[in-house]
Amino acid sequence: MRPQAAEKLAEDALKGEVDAVVAFHDGDIRAAITTLLLDCRHLRLQLALQDGGVSRGTACERPTSREGT
């Protein structure tokens, strides 16, 4: 598949997703954008919490098994 064709398919898919979000909000663009922004905020918070947990967990990691037993 040529790069231009792949880009066109991706663009069409994205347009379909945008249309679906707007339709879900009965055509209210502001409501659709607000929902997407709130989703982004929630995901950023989840990533920040996950990053903090991974850092602490890695720093305090203990061996899970004993060798030679």
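The chain contains 2 helices and 0 strands, where helices (H or I, at least four residues) and strands (E, at least two) are DSSP runs numbered from the N terminus. The model is a predicted one, in which local features need pLDDT of at least 70, side-chain atom pairs count only at pLDDT 80 or more, and totals for chains, interfaces and linings use all residues. Residues are numbered from 1 along each chain as its sequence is written, and side-chain values use heavy atoms, with hydrogens and water left out.

Of the 69 residues in the chain, 3% count as buried; here buried means under 20% relative accessible area, exposed means over 50%, and partly exposed lies in between (1.4 Å probe, protein chains only). The accessible surface of the chain comes to about 6,600 Å², and carbon and sulfur atoms account for 59% of this area. Such areas come from the Shrake-Rupley method with a 1.4 Å probe, and for residues only the protein chains shown count as cover.

The structure holds 2 salt bridges, a salt bridge being a side-chain nitrogen of Lys or Arg within 4 Å of a carboxyl oxygen of Asp or Glu. In one of them, Asp12 pairs with Lys8, and their closest N and O atoms are 3.3 Å apart. These two residues are 4 residues apart in helix 1 (residues 3-24), so about one helical turn separates Asp12 from Lys8. Asp12 is partly exposed at 37% relative accessible area, and Lys8 is partly exposed at 46%.

Glu11 also forms a salt bridge, with Lys15, the closest N and O atoms being 3.5 Å apart. Glu11 and Lys15 are likewise 4 residues apart in helix 1, which puts about one helical turn between them. Relative accessibility is 42% for Glu11, which counts as partly exposed, and 45% for Lys15, also partly exposed.

Between helix 1 and helix 2 comes a loop that includes Asp26. Asp26 has a positive phi of about 55 degrees, although it is not a glycine. With a relative accessible area of 74%, Asp26 is exposed.

Finally, Ile29, Ile33 and Leu37 make a nonpolar surface patch of about 290 Å². Patches are made of residues with over 30% relative accessible area and no salt bridge, where like charges are joined within 9 Å and nonpolar side chains (Val, Leu, Ile, Met, Phe, Trp, Tyr) within 5 Å. Leu37 lies in helix 2 (residues 29-59), and its relative accessible area of 55% makes Leu37 exposed.
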